[in-house]
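Please keep the sequence and the model in view while reading.

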Amino acid sequence: MTVYWATLNPVITEEAGTRGGTHMGVDLKANRGDPVIAPVTGDVVYAGGDGASGYLPGTNIWANGEALVVRIRRADGLIAHVAHMYTLDVGVGQHVTAGQRVGGAGDTGWSTGVHVHQEFRWDLAWSGGNWVNPRSMNPAVYGTPTPPAPHAGAKRKSMRRRRRKQRED
């Protein structure tokens, strides 16, 4: 299953695991309004404000100052989380495709500037829980074609040519 970075030109400005291990995602450089894309295909399970303190209404999720967030649950249960958004283009229950625009980048919540926070989790325990470093998912850059793997036969031919040339020399 394809996993994308949440921005079109990903530049990491803060790694996961910093701040004494409490930063559970990566921060990606962005300008206000830049497209934020769905890192995975799945259903939007939350889109809105986190309230910046206390539990989100009707959930057991503790708000952590990321303000406007979108959470997308993939079919296998993995949850992609993008935050600090300026605009939201999706709503709860909507099915999104990896690479689809879900909002615009911003600096809402506890933020020192415009960026996109991206993380992955296997549960909704946002103050701890089972999080996954986005780098370990090997995200692709949306719109960048994956180079084709070299054909095995071409490699064998190349090796035979080199051996033949070595014998001739």
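In strand 9, G104 is the bridge partner of P35; strands here are DSSP runs of E with at least two residues, helices are DSSP runs of H or I with at least four residues, and both are numbered from the N terminus. The model is a predicted one, in which local features need pLDDT of at least 70 and side-chain atom pairs count only at pLDDT 80 or more, while totals for chains, interfaces and linings use all residues. Residues are numbered from 1 along each chain as its sequence is written, and side-chain values use heavy atoms, with hydrogens and water left out.

**Confidence**

- The chain has a mean pLDDT of 76, and 63% of its residues reach 70 or more; pLDDT is the predictor's confidence in each residue, from 0 to 100.
- Confidence is highest in strand 8 (residues 95–96), at a mean of 98, and lowest in helix 2 (residues 152–168), at 56.

**Overall make-up**

- The chain contains 2 helices and 11 strands.
- Along the sequence, these elements follow the pattern β-α-β-β-β-β-β-β-β-β-β-β-α.
- Of the 169 residues in the chain, 40% are buried; buried means under 20% relative accessible area, exposed means over 50%, and partly exposed lies in between (1.4 Å probe, protein chains only).
- The accessible surface of the chain comes to about 9300 Å², and carbon and sulfur atoms account for 52% of that area; the areas come from the Shrake-Rupley method with a 1.4 Å probe, and for residues only the protein chains shown count as cover.
- Among contacts between residues at least 6 apart in sequence, 62% join residues at least 24 apart.

- An open sheet of 3 strands runs in the order 3-9-7, with antiparallel pairing; two strands pair if DSSP finds at least two bridges between them.
- Strand 3 (35–37) and strand 7 (85–88) each have a single partner strand and stand at the edges, so one side of each is left without a neighbour in the sheet.
- Neighbouring strands of this sheet are turned by 40° against each other on average, direction ignored; the axes are lines fitted to C-alpha atoms, for helices over the stretch in contact, and angles run from 0 to 180 degrees between N-to-C directions.
- Strand 9 (residues 101–105) pairs with strand 3 in the antiparallel sense over 3 bridges, and R101 in strand 9 is the bridge partner of I37.
- Strand 7 is also joined to strand 9 by antiparallel pairing over 3 bridges, with G103 in strand 9 as the bridge partner of L88.
- Strand 9 is mostly covered, since 4 of its 5 residues are buried.

**The nonpolar core**

- The largest nonpolar core has 23 residues, of which V36, I72, V82 and V102 touch the most other members; such a core is a set of buried Ala, Val, Leu, Ile, Met, Phe, Trp, Tyr and Cys residues joined through side-chain atoms within 4.5 Å.
- Two or more residues of this core come from each of strand 2 (26–29), strand 5 (68–73), strand 6 (79–83), strand 9 and strand 10 (115–121).
- In soluble globular proteins, nonpolar side chains tend to be buried together.
- Not counting residues up to four places away in sequence, I72 touches several residues, among them A38, V40, V44, I79, V96 and V102.

**Individual buried residues**

- T7 is placed in the segment before strand 1 (12–14), and T7 counts as buried because its relative accessibility is 4%.
- Apart from neighbours within four places in sequence, T7 is in contact with L28, K29, P35, I37 and V116.
- G77 lies in the loop between strand 5 and strand 6 and is buried, with a relative accessible area of 18%.
- Leaving aside neighbours within four places in sequence, G77 contacts R121 and W122.
- The C-alpha atoms of G77 and G42 are separated by 9.2 Å, although these residues are 35 residues apart along the chain.
- H84 is in the loop between strand 6 and strand 7, and H84 counts as buried at 5% relative accessibility.
- H84 has a positive phi of about 70° although it is not a glycine.
- Most residues other than glycine have a negative phi.

Notes
Contact = heavy atoms within 4.5 Å.
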